[in-house]
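Hi everyone, and thanks for coming. Please have a look at the structure on the screen, and I'll walk you through a few parts of it.

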Amino acid sequence: MVNKVYYINLNYLCDNKCIFCYSHNTNYLNKSTITFEKLQFLFEKYNISKIDRVVLNGGEPLLHKEINKILSFLYQKEVEVLIFTNGRNIRNIDPKLLNKNIRFVVPIHGDKNIHNYITRDEKSFDETIENLRWLTDNKFPCLVDIKIILNEKTTEEDGFRSSLEIWKEVPFNNAIHITKMMETKVSKANKCKELEVRKINKYNLELFKEFRSSRKLKFYSTCINGILKLGAYKVVKNEFQVKLLYIDYQSEKYIGLRRKEKKCSLECRERDLCLSEVDEYSVLEFYKDRLYKNME
């Protein structure tokens, strides 16, 4: 079966100013946005159904003025909705729309100082945690993942230890995404460098040991060689096909998904498990003492 994914950048406005933002069009002044009317037209044009997935991204998608209209329409269609958000504006959503078909992915960059350093906003950590606590305290049926993006700042030894304590206490109810910072136009401008493979392996392994017995883990765009050497874990490769349609206020196009080999993977025996949520829309999940290659 072909999985249809509608990947939508609702806007390019954001209240964070992350030093390695993956969208170079994003800033706190960019008001370019796609309207609810246009989205409704496109959803009807492509005959969206409950077997499809809609990904809402930005910018910060929850700053969209019509976010509740959009989510209400998708709620009626019973569509799976994945929302990439900084978590500061979750309470903008009508609580009646927070159903089991919604999954949030929220980056927690480390302890308060590190998180605010990366987002360049002194309010961002507290507001994100407050919104996550609101979700969990009210026991809404939606899923909440957190995302750890390993980078130079996060992996400073003292910072990593204090961040690890935060990641253990963050209120969420589903998976931990573990990845590394990828080089972007924004990261280059701010002189943020990608981590070398040896360092990535060290901290991936530490996170794996800490959380493997308590949380579902999702690895992508990172190296898991150290984890594979730790134990003879069985890998279950689930077969799937993805048809991905990208949409924003000025674009509507299908994206061809294909593997891009990295220099380090060319000589690696485990290169088939070096997955990318961007290039292949796939992740390596760990739960119940097994690794699974799945669609993200």
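Let me start with the words helix and strand: they are DSSP runs, a helix being H or I with at least four residues and a strand being E with at least two, and they are numbered from the N terminus. What we have here is a predicted model, where local features need pLDDT of at least 70 and side-chain atom pairs count only at pLDDT 80 or more, while totals for chains, interfaces and linings use all residues. Residues are numbered from 1 along each chain as its sequence is written, and side-chain values use heavy atoms, with hydrogens and water left out.

With those words in hand, please find Gly 59, in the loop between strand E2 (53–57) and helix H2. Is the peptide bond from Gly 58 to Gly 59 cis or trans? That bond is cis, and its omega is near 15°.

In general, two packed helices are described by the angle between their axes and the distance between the axes. The axes here are lines fitted to C-alpha atoms, for helices over the stretch in contact, and the angles run from 0 to 180 degrees between N-to-C directions.

Our opening pair is helix H1 (residues 36–45) with helix H2 (residues 67–77): their axes are 10 Å apart, and the packing angle is about 20°. H1 and H2 are therefore roughly parallel to each other. As for the cut-offs, angles under 35 degrees count as roughly parallel, over 145 as roughly antiparallel, 65 to 115 as roughly perpendicular, and the rest as oblique. H1 and H2 also have a right-handed crossing; the word means that the near helix is turned clockwise from the far one by less than a right angle, and left-handed is the anticlockwise case.

Which residues of H1 meet H2? On the H1 side they are Phe 36, Glu 37, Leu 39, Gln 40, Phe 43 and Glu 44, and their partners in H2 are Lys 69, Ile 70, Phe 73 and Leu 74. Contact, by the way, means heavy atoms within 4.5 Å. Sorted by class, the contact of H1 with H2 has six nonpolar residues, one polar and three charged. The classes go like this: Ala, Val, Leu, Ile, Met, Phe, Trp, Tyr, Cys and Pro are nonpolar, Asp, Glu, Lys and Arg are charged, and the others, Gly among them, are polar.

Let's stay with H2 for a moment. Its buried residues are Ile 67, Ile 70, Leu 71, Phe 73 and Leu 74. Seen down the axis of H2, these buried residues fall within an arc of 155°, so they line one face of the helix. That arc is taken from the directions from the helix axis to the C-beta atoms. Buried means under 20% relative accessible area, exposed means over 50%, and partly exposed is in between, using a 1.4 Å probe and protein chains only. What covers the buried residues of H2 includes H1, E2, strand E3 and strand E4 (102–107).

Glu 78 sits in the loop between H2 and strand E3 (80–84) and is partly exposed, at 46% relative accessible area.

A second residue of this kind is Lys 191, whose phi is also positive and near 60°. You'll find Lys 191 in the loop between helix H6 (185–189) and helix H7 (197–211). Is Lys 191 buried or exposed? Lys 191 is exposed, with a relative accessible area of 73%.

For a contrast in angle, look at helix H3 (residues 112–119) and helix H4 (residues 124–137), whose axes come within 8 Å and cross at roughly 110°. That makes H3 roughly perpendicular to H4. Lys 112, His 115, Asn 116 and Thr 119 in H3 meet Ser 124, Phe 125, Asp 126 and Thr 128 in H4. This contact of H3 with H4 has one nonpolar residue, five polar and two charged.

Last stop: helix H5 (residues 157–169) and H7, with axes that come within 12 Å and cross at roughly 30°. That makes H5 roughly parallel to H7, and their crossing is right-handed.
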